[in-house]
Amino acid sequence: MSDRVCLGKIVAAHGIKGEVKVKSFTSNPKDVCAYGKLSNKDGTRVFDAHVVGFSKELLRVKISGVDSRNEAEDLRGTELYVSRDVLPDLEKNTFYQTDLVGLKVVKENTNEQIGQVVGVFNFGAGDILEIKFEGMKQTQMLPFDDAFVPSVDIKNGFVVISDASVAYIKDEGKDEG
């Protein structure tokens, strides 16, 4: 488990005064700047930032010292991190997405490892796990809810998927040929 958590990503510049558009990964989008200074992935840059508004579904953020469009464009693609210890305690059965990526995927009744979580997404209808199943070329998407994923064990590094999910994935993942 990483000691830092990614709260958002700079996706574009906004205007000519150095604002950036940020895709927030927090449950309340404005909270991306609520936990103090942010840093880039490797921790080599620190950003003092605050939310100034919205631009469609993205936040508009002003970063101190970034005063031109060119400077803002140079930050495109930068992921924004904070130390885990400044974040609030999680409620039961809630997880940081970063903690789910990389977990082993095991079958419900046998605990046989059958894959690994490679991504977590939310396209508006709930969280989805992207899983690379052993023996399959393409990854598969699975709803992240109790019916498909009855338990998560961050401490021991695995998620359990239901037997019905395994059967569904095996059927969906068959090669056409």
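Student: How much space lies in the largest pocket?

Tutor: About 1400 Å³. That volume is the space filled by probe spheres set on grid points, which are joined across faces, edges and corners. A pocket here is an open set of points on a 1 Å grid over the protein atoms alone, where a 1.4 Å probe fits, with protein on both sides within 12 Å along at least five of seven lines; lining residues have an atom within 4 Å of a point. Keep in mind that this is a predicted model: local features need pLDDT of at least 70 and side-chain atom pairs count only at pLDDT 80 or more, while totals for chains, interfaces and linings use all residues. Residues are numbered from 1 along each chain as its sequence is written, and side-chain values use heavy atoms, with hydrogens and water left out.

Student: Good to know! Which residues lie nearest the centre of the largest pocket?

Tutor: Cys6, Phe25, Thr26, Ser27 and Gln97, out of 42 lining residues. By class, the lining has 22 nonpolar, 11 polar and nine charged residues. Ala, Val, Leu, Ile, Met, Phe, Trp, Tyr, Cys and Pro count as nonpolar, Asp, Glu, Lys and Arg as charged, and the others, Gly among them, as polar.

Student: New topic: how many aromatic pairs does the structure hold?

Tutor: One. Phe95 and Phe144 form a tilted pair, 6.2 Å centre to centre with 50° between the planes. Rings of Phe, Tyr and Trp (its six-membered ring) pair if their centres lie within 6.5 Å; planes under 30 degrees apart count as stacked, over 60 as edge-to-face and the rest as tilted.

Student: What about Phe95, buried or partly exposed?

Tutor: Phe95 is partly exposed, since its relative accessibility is 27%.

Student: Last one: which residues does Gly53 touch?

Tutor: Leu58, Leu59 and Arg60, not counting residues up to four places away in sequence; contact means heavy atoms within 4.5 Å. Gly53 counts as buried, at 15% relative accessibility.

Note on methods:
Buried means under 20% relative accessible area, exposed over 50%, partly exposed in between (1.4 Å probe, protein chains only).
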